[in-house]
Amino acid sequence: MKVEFYGHVRQYHNIKSEIDANIKEVLESGQYVMGPMLKRLEAELAKYHETKFAIGVGNGTDAIWLALMALGVGPGDEVITHPNTFFATAEAIWIAGATTVFVDCDSNTRCIDPAKIEAAITPKTKAIIPVHLYGQCANMKAIRKIADKHKLYVIEDNAQAIGSRGDGFKVAELSDATATSFIIQKNLGTFGDSGALMTNNEKIDTTVRKLRNHGSNQRNVHSFGFNSRLDDLHAGILSAKLKHIDDWSDLRRKWAARYTAGLNGAKNFSLPFERGGGRHVYHLYIIETKQAQQRDTLVKFLSDNGIDAKTHYSIAIHQQAGYPWGKNARISGSVANAEQNAATCVSLPMFPELTEQEVDYVVAKTMEWDRTQP
Ligand SMILES: Cc1ncc(COP(=O)(O)O)c(C=O)c1O
């Protein structure tokens, strides 16, 4: 049996008529950039996130640095995040010209550990970027409290957790802005690149709207800016898919529960930790091997058995070759949890269109590997 890591084509086939209808609508409209379909999607995204504004941009990375830039965070400023996220979180801070400050992640959720943040704060600190890693919300209540005490901005990196909820809070409720990515492999993904920024702050909205469009919100009138727009074709695809996102999250949760039931009791890896009270939407289902040297043997064993397993992210950002590439960066305290996460993580196939047979096969093979270990 073969089990793929993604189900993009299955998903397309399941809602083909809805996607095709929106693509046709855009093609027939004659408006492909900053057109009516983008407006429609932005309204739908704002409604979905219960924010006043949503701004479509070129990708999730741009959403983060455009938010930083709109808040005036740049050279000389420090921004706190953690090093076991996707590279783009830190990259966006560097693109904005600021210093990336890494603190450790929580040993269970692998999201940023709020208890490590205060020790990293200096007079230069301007913002915190928590990542809702693997589909689970970071502890936003604790983060907001620290941010308020030290007058810092908070930008949520929600590239991996659209549709998730925290323990007593919603995504985008406790931050200044929330960035997301719509690259195809995300829970809500288009057939290409794009992203969005959600905010209740009118100044961020107005500024990012101009920045993404060559510093212009009126024809022929410009200030400094960039080209980072979400095309209407992608907007149409995303608008069709957004209607299904909550059902897809339910399916992800169903497969996660089936994995957890089947893998419970394994001796050579730990299972994902779900913080109570919220809604984890399992962008990724990550198990962690007990020993670092077991990570690659497990991935190879699964691959030899037709299962496409991956690692997210097997090299922490501060451990990448050449770090920090002449950019400003600082590590605050030990980041041992993040390093352990990188050294031991294995991602099992996870997408809504999986079948019971596929999940059970992955469970059987993963448990078979477990029994081979000394
Ligand atoms: C946590 C995180 N942040 C940021 C990004 C960047 O998004 P994009 O690839 O759309 O620039 C991604 C995904 O790619 C991500 O997983």
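Helices (H or I, at least four residues) and strands (E, at least two) are DSSP runs, numbered from the N terminus. The model is predicted, so local features need pLDDT of at least 70 and side-chain atom pairs count only at pLDDT 80 or more, while totals for chains, interfaces and linings use all residues. Residues are numbered from 1 along each chain as its sequence is written, and side-chain values use heavy atoms, with hydrogens and water left out.

**Overall form**

The protein has 12 helices and 11 strands. Its radius of gyration is 21 Å, close to the 21 Å that the globule rule gives for 374 residues, so the protein is as compact as a globular protein of that length. That radius is taken over C-alpha atoms, and the globule rule is 2.2 Å times the number of residues to the power 0.38. Along the principal axes, the C-alpha atoms fill a box of roughly 70 × 55 × 40 Å. Of the 374 residues, 56% are buried; buried means under 20% relative accessible area, exposed over 50%, and partly exposed in between, with a 1.4 Å probe and protein chains only.

Two strands pair if DSSP finds at least two bridges between them. Strand 3 pairs in the parallel sense with strand 2 (residues 78–81) over 4 bridges, and threonine 99 in strand 3 is the bridge partner of glutamate 78. Between these two strands the chain passes through helix 5, and the β-α-β crossover is right-handed. The term right-handed applies if, with the strands pointing away from the viewer, the path from the first strand over the helix to the second runs clockwise. Strand 3 also pairs in the parallel sense with strand 10, over 3 bridges. There, phenylalanine 102 has isoleucine 331 of strand 10 as its bridge partner.

**The largest pocket**

A pocket is an open set of points on a 1 Å grid over the protein atoms alone, where a 1.4 Å probe fits, with protein on both sides within 12 Å along at least five of seven lines; lining residues have an atom within 4 Å of a point. The largest pocket has a volume of about 510 Å³, a volume being the space filled by probe spheres set on the points. Its lining comprises 38 residues, with Ser181, Ile183, Gln185, Lys186 and His283 nearest its centre. Helix 1 (8–14), helix 4 (60–70), helix 5 (87–95) and strand 6 (177–181) are the elements that each give two or more residues to this lining.

**Backbone details**

| Site | Feature | Value |
|---|---|---|
| Histidine 312 and tyrosine 313 | cis peptide bond | omega about 5° |
| Tyrosine 323 and proline 324 | cis peptide bond | omega about 0° |
| Glutamate 50 | positive phi | near 55° |
| Asparagine 220 | positive phi | about 70° |

Tyrosine 313 lies in the loop between helix 10 (294–304) and strand 10 (329–331), and proline 324 is placed in the loop between helix 10 and strand 10. Glutamate 50 sits in the loop between helix 3 (36–49) and strand 1 (53–57) and is exposed at 54% relative accessibility. Asparagine 220 belongs to the loop between helix 7 (202–211) and helix 8 (232–242), where its relative accessible area of 65% makes it exposed.
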